[in-house]
Amino acid sequence: MFLYQKMLQFPVQVESTNPALAQLILEQFGGADGELAASMRYLTQRYYMPLPEAKALLTDIGTEELNHWEMIATIVWKLVEHAPIEKIKASPYVAHFVDHGRNPFPHNAAGVPFTATYFNAKSDPVADLHENMAAEQKARATYEHLLQVSNDHGVNQTLSFLREREVVHFQRFGEMLDRVQDYMYSKRRCY
Amino acid sequence: MTTRYNADFEKMMALQFAIVELNLFLDTHPDDEQALQDYNRLVEQFESERRKYTEKHGPLVNFGFGKSRFPWQWINAPWPWDM
């Protein structure tokens, strides 16, 4: 069972309303390398993992990613909650607004809706752990792109924190890949 | 804007973050005794902060991980995105 804790992992504070920036940050809410894809990828891949520590790591990182998904939603919400309609009309967020109002919705910065084709579970631990390591690097790159286009100091603090988490997850998945490969070799199965 | 961010809440967030970090580390280093000791020490501190929070504001976690006073405190604002 999943439990809900009324607490973000890192505080989210924005300097000013900014619907244009909100539209860009939705990339990490519903984009190919965003937090929702990350969480669903890891929680979906757990079942056939050969090692208990791999099941644990996918459960734990998948759960942490759901909190990151909520942090991204919180940034977007705070950027638009009190934004005047004239500011929304003058920004690319207006296309989101006509369908979803001020509530966040999982699509990417260009408005393409989220799809499960953004991730996979192959029943092959080596293939999946490699996908996860690539996904963490792509998410890091996306955060770096967002940091280049955002001038909001509060938003940037949260984005920098989330960027660092991608680096840590990449490291942990790399260590798990080593453990899984050692296990495979000990079973005399070559990959 | 309503807020529950204060020194106590931020201490709890910091403890939780350190615990997440140690938890992930232990998943790939289950035999690291020093990390395990750190984990257990921080969990004890986090539990005590969470108890203090729950006495004041009601449950931090749903489905049985904290008692509520009357009336039902779980529904109380602010939710994390409104803090």
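1. Let's start with burial: a residue is buried if 20 or more other C-beta atoms lie within 10 Å of its own, exposed if 12 or fewer, and partly exposed in between, with C-beta atoms placed from the backbone. B:Phe63 is exposed, because it has 11 other C-beta atoms within 10 Å. B:Phe63 also has a positive phi of about 60 degrees, although it is not a glycine. You'll find B:Phe63 in the segment after helix 2 of chain B. Helices here are DSSP runs (H or I, at least four residues), as are strands (E, at least two), and both are numbered from the N terminus.

2. A word on the source: this is a predicted model, where local features need pLDDT of at least 70, side-chain atom pairs count only at pLDDT 80 or more, and totals for chains, interfaces and linings use all residues. Residues are numbered from 1 along each chain as its sequence is written, while chains are lettered from A and ligands numbered from 1 in the order in which they are written.

3. What does the secondary structure of chain B come to? Chain B has two helices and zero strands. Its radius of gyration is 15 Å, whereas a compact globule of 83 residues would have one near 12 Å. (That radius is taken over C-alpha atoms, and the globule rule is 2.2 Å times the number of residues to the power 0.38.) Along the principal axes, the C-alpha atoms of chain B fill a box of roughly 45 × 25 × 20 Å. Of the 83 residues in chain B, 11% count as buried.

4. Stay with chain B and look past helix 2 (33–57), where B:Pro71 lies. The peptide bond joining B:Phe70 and B:Pro71 is cis, with omega about -10 degrees. B:Pro78 also lies in the segment after helix 2 of chain B. From B:Ala77 to B:Pro78 the peptide bond is cis, and omega is near -5 degrees.

5. Now for the meeting of the chains. Two residues are in contact if their C-beta atoms, placed from the backbone, lie within 7 Å. On that basis, 18 residues of chain B are in contact with 23 residues of chain A. The chain B side of this divides into 13 nonpolar, four polar and one charged. For the classes, Ala, Val, Leu, Ile, Met, Phe, Trp, Tyr, Cys and Pro count as nonpolar, Asp, Glu, Lys and Arg as charged, and the others, Gly among them, as polar.

6. How do helix 8 of chain A and helix 1 of chain B pack? Helix 8 (residues 153–186) of chain A and helix 1 (residues 7–28) of chain B pack at about 20 degrees, with their axes 9 Å apart. That makes the two helices roughly parallel (angles under 35 degrees count as roughly parallel, over 145 as roughly antiparallel, 65 to 115 as roughly perpendicular and the rest as oblique). Among the residues in helix 8 of chain A that meet helix 1 of chain B are A:Arg172 and A:Glu175, and B:Asp27 is one of those in helix 1. The residues of this helix contact divide into three nonpolar, one polar and four charged.

7. Finally, compare two loop residues. A:His107 sits between helix 6 (93–100) and helix 7 (125–149) of chain A, and it counts as buried because it has 22 C-beta neighbours inside 10 Å. A:Ser123 is in the loop between helix 6 and helix 7 of chain A, but A:Ser123 is exposed, with 10 other C-beta atoms within 10 Å. Phi of A:Ser123 is positive, near 60 degrees.

Conventions: Axes fitted to C-alpha atoms, helices over the stretch in contact; angles between N-to-C directions.
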